[in-house]
Structures are given as C-alpha cells and as structure tokens.
Amino acid sequence: LQLELQELLLVGMGAVPGALLRWLALHLGDQNLLVNVLGAALLGLLAGLPAAPRRQLLLGIGFCGSLTTFSSWMLAAMKHLSSGDWAAAFGLIGLTLGLGLGAAAAGFQLGQRLPR
C-alpha cells in the first residue's frame, strides 16, 4: 500500500504541471497540435531512456498524460466536421498523426543515443 501511494503521488505531481501547461496552451490559441506533438516527443524520449519506473510515473503518465489528450484532439476535429470543414478536420487528424509519430520517433532515438 505504501508503494502504491508513492506511485500515485508521483503521477499527481506530474499531472498538475502538465494540466496547467495544457490549460495555458489552450488559452493562448487552442494549441492542441503543439502540445500533442511536444508530448509525443517527450514520451518518446522517456521510452528511449533506460528504464526508470519513478521517472515514467512522474513524467510519462503524470505530465505527458495530462498535457496531451486524445479527447481534445477529437473534439477539435469534430468541431471542424460539424461546421462542414472536412479539409480542416482531416488535415488536423493527419498532421497530428504524422507530426506526433515523427516526434515520438525522434525523441525515442535521442533517448537511445544519450549517454547511459
């Protein structure tokens, strides 16, 4: 039980700044694409580094989990679709997927190359 509480605390400590940064990005002009791509890069970097469960809980699940959200991305795409702007909807989906995969791969490769 003690270990589970420590893990929960690490996730919460990472989630708060991630959520605040996401809130700030959305209030600076609906930056879903930016936060999702940056989060993918950071998560890729973390995955490329040597295993560190506490770091993964704090930064991977906590910070990146609250910074990036699938639901906000889909809501933005749905709003474009509901207004009849199919090009913007599919452009957002394609761009986020392409840039996100590229950012995650680049982050992972960087993590693999950093000195151990």
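1. Ser72 touches Arg22 and Asn32, when residues up to four places away in sequence are not counted; contact means heavy atoms within 4.5 Å. Ser72 belongs to helix H4. Helices (H or I, at least four residues) are DSSP runs numbered from the N terminus. The side chain of Ser72 also joins that of Thr69 through a polar contact of 2.9 Å. A polar contact is a pair of N or O atoms within 3.5 Å, where one must be able to donate a hydrogen and the other to accept it, and residues adjacent in sequence count only if both atoms are side-chain atoms. Between the C-alpha atoms of Ser72 and Gln2, which are 70 residues apart along the chain, the separation is 34 Å.

2. On the basis of the note: this is a predicted model, in which local features need pLDDT of at least 70 and side-chain atom pairs count only at pLDDT 80 or more, while totals for chains, interfaces and linings use all residues. Residues are numbered from 1 along each chain as its sequence is written, and side-chain values use heavy atoms, with hydrogens and water left out.

3. Ser66 lies in helix H3 (residues 53–67). Ser66 counts as buried because its relative accessibility is 17%, the limit for buried being under 20% relative accessible area with a 1.4 Å probe and protein chains only. A polar atom of the Ser66 side chain lies 3.1 Å from the backbone nitrogen of Ala19, and the side chain of Ser66 reaches the backbone oxygen of Phe63 at 3.3 Å. Neighbours within four places in sequence aside, the contacts of Ser66 are Gly14, Ala15, Gly18, Ala19, Arg22 and Ile61.

4. Helix H4 (residues 70–82) packs with helix H5 (residues 86–113) at an angle of about 155°, their axes being 6 Å apart. Axes are lines fitted to C-alpha atoms over the stretch in contact, and angles run from 0 to 180 degrees between N-to-C directions. H4 and H5 are therefore roughly antiparallel, a term for angles over 145 degrees, whereas roughly parallel applies under 35. Residues of H4 in this contact include Trp73, Met74 and His80, and those of H5 include Trp86, Phe90 and Leu97.

5. Helix H2 (residues 32–48) also packs with H5, at an angle of about 30° and with the axes 6 Å apart. H2 is therefore roughly parallel to H5. Among the residues making this contact are Leu33, Ala40 and Gly44 of H2, and Leu95, Gly100 and Phe108 of H5.

Technical notes:
Helix = DSSP H or I, 4+ residues; strand = E, 2+ residues; numbered from the N terminus. Parallel < 35°, antiparallel > 145°, perpendicular 65-115°, else oblique. Buried < 20%, exposed > 50% of the residue type's maximum accessible area, 1.4 Å probe, protein only.
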